[in-house]
Amino acid sequence: MRSYDSVQHAKGESKFVDDIPIPEGTLFASVYYSPIAHGKIKKLNFSQALKAEGVISIISASDIPGENQIGGIILDEELFAKEGVHYVGQPIALVVAENKFTAINAVKEIEAQFEKLPTIFDPREAFEKGELIIPPKIFSLGNVNAEWHNCDYIIEGSVISGSQEHLYLETQGSLAFPVEGGGIKIISSTQGPTAVQKIASRVLNLPMNKIEVDVSRLGGGFGGKEDQATAWAVMAALAAVKLNRPVKIILQRQDDMRMTGKRHPYSSDYKIGLNKEGKILAYEVNYYQNAGASADLSTAILERTLFHSTNSYFIPNVKATAYCCRTNLPPFTAFRGFGGPQAMFVIESAIHKAAEVMNVEPTYIQTKNLLKDGDEFPFGQINKNSRAEKCFDEAVKRFEFEKKEKEVKKFNEANILVKKGIAAMPVCFGISFTSTFLNQASSLVHVYTDGSVRISTAAVEMGQGVNVKIVSIATRTLSINPDRIKIDTTNTSRIANTSPTAASKGADLNGFATRDACNLILERLKKLAAQILNAKDISQIELMDEIVYLNKVKTDLDWIKLINTAYMKRISLSAHAHHATPNIYFDRENMKGDAFAYHVFGTAIVEATVDCLVGTCSVDSVKVVHDFGKSLHPVTDKGQAEGGIVQGIGWMTLEEIIYDNEGKLLTDALSTYKVPDIQFAPAIIDVHFLEDVPNPYGPFQSKAIGEPPFMYGIGAFFAICNAMKAFRPHKSIQYNSPLTHEKVLLWLHSEK
Ligand code: MTE
Ligand code: HPA
Ligand code: MOS
């Protein structure tokens, strides 16, 4: 089955927010934002800007009919700064004009005066000054303090991981227009239609039933539109309501990069204790999360960091503490992995340091500690259906790890200026929203009298292929040709109270709901077929490839005839179903619970080459054995794995977000912010599907795929480090990411 909409995409016919034909009289808006990182607004003067021809209005905090509050989890974020500003890029006002360029130019005419206040950009400084958004969160298993004296080796260290720009191809944007009866329709590029609806309701002081949010598709989200698509949608809606005209906002790339939050940078301290055999006995870790100026999703992300503090390993004694530190940077937000990658980078750093100290290969420690069935996670869940060892062993065998290791050694002995490195990276990622209530979705299925089917769910298509998976599930459940099925836009009037499409749960949750809705219709149809064919029981009836079978024998009753008979007999051809993941919970009092429906496992073997004269490095190959369950759509899943891997390598080795001393983003364009391109991507990405691995907790035994492969990118960091060490074996490496070429060069040739 072809990927959904792929032909349309290839022809350039798919519509993103900026492509949607605009209603007559549409106005265009541009955001005026804070030029300073922290201060009081002393004066705002719009008069000059308002004089420009074509400027219709400038909207700010005082124009808000409801609450000036867009916080999702914690109410700490204004739509428009009223009295004070907390980061460079914080929205202060919205200029609305007859056309886009008039709006953009008029923004520059706004005069403002600020009284600057002290700033904090570093999470540890925020921690020391007591700037914590919530009290520290702690996960604890066993007793680390009682265990240190049993350890033969205790290694301590600090690790930094950097931020990352989402760089979705479609920048943030929205088109909102008033509808009759005082309502509003918002077309938004959001992963969370209900979040937009809810916050618009709060800001506009309108009931949710007067707000319709519609999402066709996203040109990428990667978490950046889980929470942070809301502000722009609500601004457009506010202006549309106030001016009673359609209003469109599409952020320019540079504005998007400056105003929106990115992956959370972390600074962490660890202490790891092992015995001589390489068994990890105790692990203590403190994470200082740079949350930015307001909470956004930081607290949930912080929690997921704790959930993944031990990655794919069983450690009997763990104490993991996480601090959510408020700084004067744009609120950092969800990004593929949702805090998991940051945690895994720390534990892998600890293991690689320990290997250095113990003079063993890191794989020696990794293999000794992989999760087995029955092992307890630090949050109390017991590991089951574990494929940690299976994936690791298979990767080592299939990709001849030991042979490759020897080849690398040989190569390094023979070459002075070019060095190679190899590393293994196991991943274990929990599948479910860690806020249990979010694990629900619904699906609405209509069958029309020509036999065609239209499906609405809560899932947002953002390039990850959730639509093709839903088609696959409906096709298999109804046993009809996929060409009969159309997936509708995601719309809050058709599907209410949606969770964001996130946590890699889109296909699982909406897939199950779609299966259930299809089954409701199928049951009615089978009952009818049983009547028509004089069967005693509907268990004698089967529908296969659009043909009805009675006791396994083909009849001349087909899908179209059956549908039409059902219609004539006034049987409903529509169904709605709701799905909630069973048996999961998380008790935040004790920080314990079966938080995840299941885990995704895999292992990557990464090889890299460093040119030690100039510091350039390349990731030569990433070879993976991954547990996809029974894939719903192998091409899509493979694409998700490959895309995630390259994005992960980018985070670890290439992409560097730099702010100046005043908190202004310096890397605010593609000339200064480098993402992996086809030249940089590994020449070989070989993704092997672990075989014969059904997953009873996913639709048709499938597994979620969106985020887990991202973390294979961490292997690239250590492969490069190993190549660097081959050049200077006696120099210690500080495991700070991103490991850019510049940092590689400095390390290779500096004294210290
Ligand atoms: N793939 C593409 N092409 N574009 C995206 O924006 N987002 C990722 C992942 N893969 C993303 C993507 C993230 S952060 C998540 S959580 C999942 O897709 C969400 O989709 P799913 O739940 O359907 O897997
Ligand atoms: N993952 C992604 N997004 C989320 C989560 C999560 O666990 N919780 C809330 N939003
Ligand atoms: Mo993905 S970070 O859960 O949108």
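A search of the whole structure finds 35 salt bridges, a salt bridge being a side-chain nitrogen of Lys or Arg within 4 Å of a carboxyl oxygen of Asp or Glu. The structure is a predicted model, in which local features need pLDDT of at least 70, side-chain atom pairs count only at pLDDT 80 or more, and totals for chains, interfaces and linings use all residues. Residues are numbered from 1 along each chain as its sequence is written, chains are lettered from A and ligands numbered from 1 in the order in which they are written, and side-chain values use heavy atoms, with hydrogens and water left out.

**A salt bridge across the sequence**

- Side chains of opposite charge can pair when their charged atoms come close.
- Asp63 and Lys242 form a salt bridge, with 3.3 Å between the closest N and O atoms.
- This pair links distant parts of the chain, 179 residues apart: Asp63 is in the loop between β3 (55-60) and β4 (84-85), and Lys242 is in helix α7. Helices (H or I, at least four residues) and strands (E, at least two) are DSSP runs, numbered from the N terminus.

**Domains**

- The protein is divided into domain 1 (4-118 + 166-259), domain 2 (266-434 + 588-749) and domain 3 (440-580); the bounds come from an automatic or database domain assignment.
- The C-alpha centres of domain 1 and domain 3 are 37 Å apart.

**Where domain 1 meets domain 3**

- In this interface, 19 residues of domain 1 are in contact with 21 residues of domain 3, contact meaning heavy atoms within 4.5 Å.
- The two domains bury about 1500 Å² between them, and 50% of this is on carbon and sulfur atoms. Buried area is the accessible area (1.4 Å probe) that two parts lose on being put together, summed over both.
- Tyr4, Gln191 and Thr194 supply 40% of the area that domain 1 buries against domain 3, more than any other three residues.
- One salt bridge is counted between domain 1 and domain 3.
- Arg494 and Asp214 meet through their side chains in a salt bridge (3.9 Å, N to O).
- Nine residue pairs are in polar contact between domain 1 and domain 3, both residues at pLDDT 80 or more. A polar contact is a pair of N or O atoms within 3.5 Å; within protein, one must be able to donate a hydrogen and the other to accept it, and residues adjacent in sequence count only if both atoms are side-chain atoms.
- On the side of domain 1 that touches domain 3, α6 (193-204) and β11 (211-215) each supply at least two residues. The largest share, five residues, comes from β11.

**Ligand 1**

- Ligand 1 is surrounded by 18 residues, the closest being Gly221, Phe222, Met462, Gly506 and Gln640; a residue is near a molecule if one of its heavy atoms lies within 4 Å of it.
- A polar side-chain atom of Gln640 is 2.7 Å from a nitrogen atom of ligand 1.
- An N or O atom in the side chain of Gln464 lies 3.0 Å from an oxygen atom of ligand 1.

**Ligand 2**

- The residues around ligand 2 are Glu226, Arg304, Phe338, Phe433, Thr434, Leu438, Ala502 and Ala503.
- An N or O atom in the side chain of Glu226 lies 2.7 Å from a nitrogen atom of ligand 2.
- An oxygen atom of ligand 2 is 3.2 Å from a polar side-chain atom of Arg304.

**Backbone details**

- The peptide bond from Ser737 to Pro738 is cis, with omega near 5°. Pro738 lies in the loop between α18 (714-727) and α19 (741-749).
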